Amino acid sequence: MAKKSALQIAREAYSPKLPLGLQGNVSVKEGAPTQSVADQEEVKKLFPNTYGLPIVEFVAGEEKTYPQMNVGVILSGGQAPGGHNVICGIYDGIKRLNPDNKLYGFLLGPGGLVDHKYKELTGDIINEYRNTGGFDMIGSGRTKLELESQFESGIEIIRKLDIKALVIIGGDDSNTNACVLAEYYAAKNYGVQVIGCPKTIDGDLKNEQIETSFGFDTACKTYSEVIGNIQRDANSAKKYWHFIKLMGRSASHIALECALEVQPNICLISEEIQEKGQSLDDIVTYIAEAVSQRAANGDNFGTVLIPEGLIEFIPAVKRLIAELNDVLSSEKYLAASPADNVAWLLDGNLSADNTATLASLPSSFAAQLTGERDPHGNVQVSLIETEKLLSSMVATKLEQWKKEGKYSGKFSALHHFFGYEGRCAAPSNFDADYCYSLGVSASQLIANGKTGYMAIVKNTTRPASEWIAGGVPITMMLNMEKRNGRMKPVIRKALVDLDGAPFKAFAAMRETWKKETCYVYPGPIQYFGPSEVCDKTTETLRYEQQ
């Protein structure tokens, strides 16, 4: 047996807190019929068996007897702190319903269902993983459940194991797939329920019914601890500007939350940059002006937070990437097989505007943009070192200003990318409680015959006993979007709301943070101690629900 840390041993004994509605006998309170967030007629046609269902809430009820049932569970997509507690909540929930119930985990994601790879999750296994980070109990994977052949392969093992319901724990794409699978099994009258759980550290799976996706709380607190440490170092050495890239390709929720927690000098919000139509030079100038202003006050140091997907939100670069994706997969390019992609592209093979944009980039980053493609032939944006791109361009601009007598400070940059560090951290008390409640909610959705639902927990800025648990039809979150050239039903991603309270709070303070040193040092996640320290939610949730 692997050695356990003192924290692991102590966390095993932690009992997650539950909403009152899940603590004893449970009854279901149903609301009005629902509809999708957009494209109602198209979505309804695609999901005739699971569309228009009501939102449900779990409340105290009478004691009931439930027949024996087996449940399968899948972890899908990237890791997020708290996934193990969702599984523990499902296990404890179904065992409370009937001690003979069994839980099966499909290994390495949805592919485990298709390939019939699984293991029974017994009490001994479950107890090893309570309140721990990671997805290593059963592993995860990114296989998409989209094809009829996959659905039919899945039903074979589901029938073999006598599984009544499947719980898919994942993000927006995974839960879209769960909705498609639920509809397919309902249409075939297979008698198999499918339930989803909202997971992603990026925070972009949220709406009126889902206040936050699990893992966001822990990941942001993990990143904020390290950023706070870096800021303390910067304020001590007083000679470095730290450019820190954070997870979040599709949305800037992590960067915004970390900014609200640590108060950096600069935090870039991709959605705002896109809204304002800012150029790369606009962003570089904004940072350089902050560096120059602080240098005039004797502060040759600072911190800059950068969302991972920033480059795709800059309109000019977005247009360049779109044309590169076309040109670098064209017959003309393949026939030319140039030794130097950048030189070939600049030699009349791009539109005038995109030629100018590519020419403006430092050579190393132009090479990254035009280099190896992903399996779909697209630019691998996540591999672009945006933090180094920005710092090098800031350095160039400051050198020019120095020659012009506009700047006399010193600029030295250090670079960081915080990504995987936050995905498997030991869950905060909030995520441990929230995820466990999601798991128990999923078990109650199954017990009450629901399919095509996502487990939800609301009122999360209140004490856990006051949380409201229930379920929402996944079809309610769908709209139609173009994916790989075809219109498909997908859960709409939640971007940072520039009219929302969290962004407005940030915008009201950032000019002060830019000029002055207002750093906050959150320190590590606390698991033991006063509730205001151990059970606090994210700043995002606090502002949204204040």
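About 60 Å³ of space lies in the largest cavity. A cavity is a set of points, on a 1 Å grid over the protein atoms alone, where a 1.4 Å probe fits but cannot get out. Its volume is the space filled by probe spheres set on the points, which are joined across faces, edges and corners. This is a predicted model: local features need pLDDT of at least 70, side-chain atom pairs count only at pLDDT 80 or more, and totals for chains, interfaces and linings use all residues. Residues are numbered from 1 along each chain as its sequence is written, and side-chain values use heavy atoms, leaving out hydrogens and water.

Select the lining (residues with an atom within 4 Å of a point). Among them are Gly203, Lys206, Phe216, His253 and Glu544. Helix 22 (residues 539-544) gives the largest share, 3 residues. Helices are DSSP runs of H or I, at least four residues, and strands are runs of E, at least two, numbered from the N terminus.

Next, go to the second largest cavity, about 40 Å³. Select Ile311, Val317, Leu361, Phe365, Leu369, Ile384 and Leu389, which line this cavity.

Show 9 strands in the order 1-2-13-12-7-6-3-4-5, an open sheet with mixed pairing. Two strands pair if DSSP finds at least two bridges between them. Strand 1 (26-33) and strand 5 (118-120) stand at the edges with a single partner strand each, so one side of each has no neighbour in the sheet.

Zoom to strand 6 (residues 163-170) and strand 7 (residues 193-198): they run parallel, joined by 6 bridges. Pick valine 167; its bridge partner in strand 7 is isoleucine 195.

Methods:
On a 1 Å grid over the protein atoms alone, a cavity is a set of points where a 1.4 Å probe fits but cannot get out, and a pocket is an open set with protein on both sides within 12 Å along at least five of seven lines; lining residues have an atom within 4 Å of a point.
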